[in-house]
Amino acid sequence: MIKAENLTKRYGAVTAVNAVSFEVAPGEICGFLGPNGAGKTTTMRVLTGFIPPSQGRVEVAGLDVARDPLEVKKRVGYLPETTPLYGDMRVEEYLQFVGRIKGVARGGLTQAVGGVMEAARIADRRRSLIRTLSKGYRQRVGLAQALIGGPEVLILDEPTIGLDPTQIKDIRSLIKSLAGKRTVILSSHILSEVQLICSRVVIIKGGRLLASESIESLAAALGGHLSVSAKAPADQLGEALARLPGVKSVAARGPGAEPGAARFEIVPSDVSLARREIARFVVGRGWELVALTGGAASLEEAYLSLVGRADAHPEPEAPHA
Amino acid sequence: MRNLITLTGRELRAFFYSPIAYATGFIFAVITGVFFYAALSYYGMASYEMSRMAQFAGPRELSLGEYVLRPLFGNLSVVMLLMLPLLTMRLFSEERKAGSLELLFTWPLTDFQITLGKFLAVYLVFLLMLAVSALNIAILAWFAPPPWGVVACGYLGLALLGAAFLAMGLFMSTLTENQVIAAALSFGALLLFWVVGWLVPEQKDAFAAMVEYLSIFSHFERFSKGVVDTRDVVYYLSFAFLFLFLTLRSLEAAKYRG
Ligand SMILES: Nc1ncnc2c1ncn2[C@@H]1O[C@H](COP(=O)(O)OP(=O)(O)OP(=O)(O)O)[C@@H](O)[C@H]1O
Ligand SMILES: [Mg+2]
C-alpha cells in the first residue's frame with residue numbers, strides 16, 4: 001500500500017533522508033520511530049507529495065506519487081507535525097471546507113463532518129474559532145481533518161502530542177480501530193504507544209533505515225532477558241542453567257535478595273522455552289525458586305539497543321579498537 | 001471547478017475576517033472621495049472663470065471628462081499602486097509562515113487551482129473597492145450627466161490595471177514568508193514599471209517605443225481619455241498572465257527547496 005524505494009531527500013548540503021526503503025501492507029498500522037532530526041517528518045512529507053524526493057521513488061495506494069500526485073492526494077489523509085489550521089475559521093466550517101476539497105458529495109457533507117467531529121471528540125467546540133482552541137483541541141481538529149472523506153491511507157505525524165491522558169487513550173483506540181480497514185503510518189516518540197497500536201515499525205536515525213519489521217520479530221531478534229534467584233549452591237546452579245535448552249549465556253550476579261539465594265542473569269535464545277525449563281529444573285532439583293523475572297524484549301529495549309548501537313558506531317566502516 | 005469555487009470562497013472570507021481588507025478599502029474610498037472633491041471644485045472654479053471671460057472668448061463649455069474624470073482616473077491608478085500590494089501581501093506569505101501551505105499542498109488540489117482561487121478572491125475584493133469609488137460618479141451624475149463612454153472606458157482601464165497589479169503582488173507573496181517584505185517588493189516593482197515611463201528618450205526610435213510600451217501607466221492614459229486600444233488591453237492581460245505563470249513556477253520551485 002505504501003512503498004518507498006531508495007528514498008533520499010537532501011536540503012542543500014544536509015541529507016535528511018538517505019536511501020531509505022520500506023513497505024507497508026494494506027491494513028497495517030506502522031510506527032515511525034527515530035530520534036529528533038532522524039528524518040521522519042521529511043519522509044512523511046515526501047509520501048504525501050508535499051516535497052519531491054531528491055532520489056528514489058515512493059508509491060502510495062499503488063500510485064507513483066511523482067507521476068500521479070492528485071490521485072494520491074485524494075487517497076491520503078495527512079496530519080502534519082505542526083497542525084497548521086486556518087485560525088480564522090470555525091471548527092465546523094473548516095471541516096466542511098476540507099470535506100468539499102476532499103470531494104465529499106454535497107449531500108453527505110454534514111454527515112461526514114459530524115462523523116469526524118464525533119471520532120475526534122470535538123463536537124462540543126464546533127462553533128469555536130480555531131484560533132481560540134487549546135493545543136490539544138487543535139490537534140484533534142487536525143486529526144478530524146485527516147479523517148474526513150475516509151481516505152485509504154493516513155499519515156499522522158506525532159498524532160497524540162499535546163493531548164491529555166484521556167484523549168491519548170481515546171485517540172489511540174480510534175487509530176487502533178482502523179487496523180485492517182485503513183493503512184496508517186504514524187510517527188511517535190512514545191514507544192509504549194507504538195507497541196500498543198502498531199503491528200510493525202520503521203526505525204530511522206540520521207536519515208538511515210535501521211529496521212523495518214514487525215514488533216515481534218524485532219523483539220525476538222533481541223531475545224529479551226531473564227533473571228533467576230534460587231536457594232542453591234551457586235556453582236552447581238550456574239553450570240546447570242547454562243546447559244538448559246533455550247539458554248544462550250549465564251552470568252552470576254552474586255547473592256539473591258534472600259539469605260542463601262544465588263542470582264543469575266540469563267540471555268535466552270528463546271525466552272519462553274528458557275523460562276519453562278528453568279522453572280522446571282530448579283523445582284525438580286528440590287531447590288527453592290525465589291524469583292524468576294524478565295521476558296521478551298520490549299520495543300523500548302529493541303529501540304534503545306538499535307539506536308544506541310548506531311550511536312556507538314556512527315561510522316560502521318571505521319575500525320574500532 | 002467546484003474546488004475553485006470552494007477555494008475562492010475561503011480566501012474571500014479570510015479577507016473579511018482580517019482588518020486589512022476593511023482598512024485598505026476604507027482608506028481607498030476616502031482618498032478617492034478627496035481627489036474627486038478636489039477635481040470637482042477645480043472644475044467649478046475653472047467654469048466660473050470661463051463664464052466671466054465668455055464675453056472675450058465666446059461661449060465655451062469645459063468638458064467634464066477632461067477636467068474631472070481624467071484626473072480622477074489618473075489619481076485612482078496611483079492610489080491603487082500604493083494600496084493593492086497591501087491586499088496581496090498576505091496571500092501566500094501568511095500561509096508559508098503559519099505552515100498551512102503544507103496542508104493546502106497535500107489536499108487534492110492543483111497549484112493552478114490554488115493560484116487562481118487566491119487571485120480571484122483578491123480581484124473580487126478589488127472590484128468591490130472600485131464599485132465603492134463609483135459612488136462618486138453617481139453623485140456627479142446627480143448634478144450633470146457625465147460622458148458615460150469615458151466613465152466606462154476609465155473603469156475598464158482600472159479593472160485591467162488592477163488585474164496586473166494584483167497578479168504581480170500575488171507572485172511577490174510567494175517569494176517570502178514576511179508580509180511586509182512581500183508588500184515592499186510588489187510596491188517597488190510596480191514603481192519601477194511606472195518610473196520607466198519617465199525615462200522615455202526624446203528621439204522616437206524603436207528603443208523609445210519599447211520603453212514606452214513597458215511603462216505600466218502609459219497604457220492607462222488612453223483609457224482615461226475614453227479610448228480603448230487593443231494594444232493596451234493586451235498589455236495588461238499579458239502582464240497579469242505572466243505573473244500568474246511566474247507564481248506557479250515559484251510555487252513549484254519552493255517545493256524543491258523544501
Ligand atoms: N526545510 C528544511 N531545510 C533544511 N533542512 C531541513 C529542513 N527540514 C528538515 N531539515 C533537516 O532534515 C533533518 C530531518 O528533519 P525531520 O524534521 O525530518 O526530523 P524528524 O525525524 O521529524 O525529527 P523530530 O522527531 O524532531 O520531529 C534534520 O536534520 C533537519 O534539520
Ligand atoms: Mg518530525
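## Where the two chains meet

Let's start at the contact between the chains: chain B brings 26 residues to it, and chain A brings 29 residues. On the chain B side, B:Arg2, B:Glu102 and B:Trp107 lose the most area to chain A, and together they make up 27% of what that side buries. Keep in mind as you look around that this is a predicted model.

How much area is buried between chain B and chain A? It's about 2700 Å², with carbon and sulfur atoms giving 61% of that. One pair you can look up joins A:Arg45 to B:Glu102, at 2.9 Å from N to O.

Now for chain B by itself. Its secondary structure comes to 12 helices and 0 strands, and if you read along the sequence you get the pattern α-α-α-α-α-α-α-α-α-α-α-α. Taken along the principal axes, its C-alpha atoms fill a box of roughly 75 × 45 × 30 Å.

Chain B has 258 residues, and 48% of them count as buried. Now take the contacts in chain B between residues at least 6 apart in sequence: 76% of these join residues at least 24 apart. The accessible surface of this chain comes to about 12400 Å², and 72% of it belongs to carbon and sulfur atoms. As for charge, there are 17 positive and 16 negative side chains in chain B, with the centres of the two sets 5 Å apart.

## Chain A: helices plus strands

Chain A has both kinds of element, with 11 helices and 14 strands. Its C-alpha atoms fill a box of roughly 75 × 50 × 30 Å along the principal axes. Of its 321 residues, 49% are buried.

What share of the contacts in chain A between residues at least 6 apart in sequence join residues at least 24 apart? The figure is 67%. Chain A exposes about 14400 Å², and carbon and sulfur atoms supply 51% of that. It carries 40 positive and 33 negative charges, and their mean positions are 5 Å apart.

## Charged pairs

Side chains of opposite charge can pair when their charged atoms come close. Over all chains, the count comes to 27 salt bridges. One of them, in chain A, joins the side chains of A:Arg75 and A:Glu152 at 3.5 Å, N to O. A:Arg75 sits in the loop between α2 (69–74) and β6 (76–79), while A:Glu152 sits in the loop between α5 (135–147) and β7 (153–157), so this pair ties together parts of chain A that are 77 residues apart in sequence. Both ends are partly exposed: A:Arg75 has a relative accessibility of 26%, and A:Glu152 has 34%. Chain A also holds a network of salt bridges that links A:Lys3, A:Glu5, A:Arg57, A:Glu59, A:Asp64 and A:Arg67.

Over in chain B, B:Glu11 forms a salt bridge with B:Lys118, their closest N and O atoms being 2.8 Å apart. B:Glu11 belongs to helix α1 (residues 2–17) and B:Lys118 to helix α7 (residues 111–143), so the pair ties together parts of chain B that are 107 residues apart in sequence. Are these two residues buried or exposed? Both B:Glu11 and B:Lys118 are buried. Another salt bridge joins B:Arg231 and B:Asp229, with 2.8 Å from N to O. Here B:Arg231 is exposed, at 53% relative accessible area, whereas B:Asp229 is buried, at 16%.

## Two residues with positive phi

Finally, have a look at the backbone of chain A. A:Asn6 isn't a glycine, yet it has a positive phi of about 55°. You'll find A:Asn6 in strand β1 (residues 2–11), where it is partly exposed, with a relative accessible area of 42%.

A:Ala61 isn't a glycine either, and its phi is positive at about 55°. This residue is in the loop between β4 (55–60) and β5 (63–64) of chain A. Why does A:Ala61 count as buried? Its relative accessible area is 18%, and buried means under 20%.

Terms used. Residues are numbered from 1 along each chain as its sequence is written. Chains are lettered from A and ligands numbered from 1 in the order in which they are written. This is a predicted model: local features need pLDDT of at least 70, side-chain atom pairs count only at pLDDT 80 or more; totals for chains, interfaces and linings use all residues. Side-chain values use heavy atoms; hydrogens and water are left out. Helices (H or I, at least four residues) and strands (E, at least two) are DSSP runs, numbered from the N terminus. Buried means under 20% relative accessible area, exposed over 50%, partly exposed in between (1.4 Å probe, protein chains only). Contact means heavy atoms within 4.5 Å. Accessible areas come from the Shrake-Rupley method with a 1.4 Å probe; for residues, only the protein chains shown count as cover. Lys and Arg count as positive and Asp and Glu as negative; His and the chain ends are not counted. The place of a charge is taken as NZ of Lys, CZ of Arg, CG of Asp or CD of Glu. Buried area is the accessible area (1.4 Å probe) that two parts lose on being put together, summed over both. A salt bridge is a side-chain nitrogen of Lys or Arg within 4 Å of a carboxyl oxygen of Asp or Glu.
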